[in-house]
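Morning, everyone. Please bring the structure up on your screens, and we'll walk through it together.

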Amino acid sequence: MIPVPGFEGRRVAVFGLGRSGITAARALQAGGAIPILWDDGVSGRMQAEAEGFMVEDLTRADWSGFAALVLSPGAPLTHPRPHWTVERAHAAGVPVIGDVELFARGLDALPQGQRPRVVAITGTNGKSTTTALIGWVLKSAGLSVHIGGNIGIGVLALPAPTPDAVYVIEVSSYQLDLTTSFAPDVAILTNISPDHLDRHGGMEGYVAAKRRIFQAQGSEALALVGVDEAWGQAIAGDLRAQGHRTETVSTSSSAEGYLAMPGQLSQHGQPVADLSAARSLPGRHNAQNAAFAYAAARALGVSHDAAVEGLLTFPGLAHRMEAVGRLGGVRFINDSKGTNADAARQALTSYPSVFWIAGGKAKEGGIESLRDLFPRVAKAYLIGEAADEFAVTLADTPHVVAQTMERAVEMAAADAARAGSEQVVLLSPACASFDQFPDFEVRGEAFRAAVLALGARPEPAA
């Protein structure tokens with residue numbers, strides 16, 4: 001755990017007692033604060049009481065006595081309207097912060113020579129794979145690495161800081177909205193496409209939240225920005241105009257910084273790595289992830305050879321372009337993390353032809369933006385709430401409404417086997433999972449179970 005000083009003897013309100021809230025309370029208490037906890041759900045309050053925390057109904061509290069409100073990233077800060085705790089805090093002049101800001105303050109309190117280094121990653125797509133990949137490369141190079149944040153372990157639950165440690169932290173737009181002093185040594189923005197617009201009041205607010213990853217970086221820090229979209233290009237341009245140390249990553253041939261193409265990586269026109277042997281990094285988007293990982297590792301002093309070796313030996317991440325099994329000539333790829341059309345685009349472009357399982361709880365725009373890739377779809381198998389909507393979009397492409405994951409896998413496997421030679425059944429839903437599954441992980445495991453139930457052999461690790 002990472003203790004958070006600065007609130008010694010003062011009351012700090014903590015709302016939302018999921019993973020990040022309880023962990024924040026522990027870290028605050030370890031730093032000498034008096035955390036006051038509340039949650040709308042009874043189970044969260046019971047857990048807090050069981051741990052000995054003070055649980056107080058914040059609807060009746062005297063907010064003038066709080067030094068800060070630590071807000072769960074799941075509670076809205078501004079849109080569609082501020083959470084009631086935010087309104088109470090603002091009325092009382094109480095600052096609203098989150099767990100990543102507490103993490104930053106905990107590190108800032110350390111003496112200069114005792115502070116660990118921090119790599120932070122955000123973006124609409126690719127941030128989890130990039131986070132895991134950077135952690136793998138750094139660990140393979142012999143560094144002491146702690147990985148967490150929006151992936152895996154909550155940031156404040158990571159091991160206590162040591163001077164030789166490197167924290168590799170995935171941060172969401174919700175978490176970044178609650179930061180003011182978070183200053184990673186390497187900050188990465190993988191890409192930006194429309195997502196979570198209801199929570200940020202539109203695209204402008206969403207981009208502004210993502211940009212906050214760079215807001216407090218010092219002159220020696222490095223900003224790595226994906227520039228395949230206009231939003232990333234604008235951010236990179238602004239950072240450079242401000243004298244910020246900035247490198248760009250693109251999948252375009254006109255890239256000035258790192259150029260990420262399928263199977264290869266270059267920098268300023270010079271070859272950096274041949275990724276064709278990296279089984280867990282197929283496609284253009286994974287080459288982009290590799291570029292971010294390589295650049296971050298080099299910025300932290302990892303040698304070229306060690307960084308490339310780490311890329312080539314990366315075993316992959318569950319539910320992100322994960323090969324889960326093979327049945328005859330048919331490979332089954334689990335990309336359940338493909339929760340929007342842009343993420344599904346990256347998966348679809350990785351293969352010349354796919355039997356595509358898609359659907360779930362549709363996001364704005366559905367799969368309309370993927371029309372140019374429909375010629376790659378041998379047949380689509382549609383599940384969940386979005387099935388009928390997607391069927392209309394796919395009117396001129398072979399498709400069937402399968403509704404359930406089990407039926408979709410069974411039908412896709414049979415059609416792919418009949419097609420002969422080497423084929424790919426791809427789950428990349430382009431949708432949220434909440435209509436049929438609690439989260440994308442459960443959806444991905446349902447896909448895996450259905451594949452293995454057919455008698456498919458699990459694929460060996462890369």
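Start at Val 119, which stands opposite Val 168 in strand β8. On another strand, β9, the bridge partner of Val 119 is Val 186. A word on the source: this is a predicted model, where local features need pLDDT of at least 70, side-chain atom pairs count only at pLDDT 80 or more, and totals for chains, interfaces and linings use all residues. Residues are numbered from 1 along each chain as its sequence is written, and side-chain values use heavy atoms, without hydrogens or water.

Strands here are DSSP runs of E, at least two residues, and helices are runs of H or I, at least four, numbered from the N terminus. Two strands pair if DSSP finds at least two bridges between them.

Now strand β6, residues 117-122. Five bridges join β6 to β8 (165-170), and the two run parallel. Four bridges join β6 to β9 (186-189), also parallel. Is β6 enclosed or open? Five of its six residues are buried, so β6 is largely enclosed by the rest of the structure. Buried means under 20% relative accessible area, with a 1.4 Å probe and protein chains only.

Zoom out to the sheet. It is open, has nine strands and mixed pairing, and its order is β7-β8-β6-β9-β10-β11-β12-β13-β14. β7 (144-149) and β14 (270-274) stand at the edges with a single partner strand each, so one side of each has no neighbour in the sheet. The twist averages 15° from one strand to the next. Angles run from 0 to 180 degrees between N-to-C directions, on axes fitted to C-alpha atoms, for helices over the stretch in contact.

Helix α9, residues 230-241, lies across β9, β10 (222-226) and β11 (246-250). The helix runs at about 160° to β11. Contact means heavy atoms within 4.5 Å.

Next, a second open sheet. Six strands, mixed pairing, order β15-β16-β21-β17-β19-β20. Its edge strands are β15 (322-327) and β20 (399-403), each pairing on one side only. Twist there averages 20° from one strand to the next. β19 (377-383) and β20 pair parallel over four bridges, and Ala 380 stands opposite His 399.

Terms used
Buried < 20%, exposed > 50% of the residue type's maximum accessible area, 1.4 Å probe, protein only.
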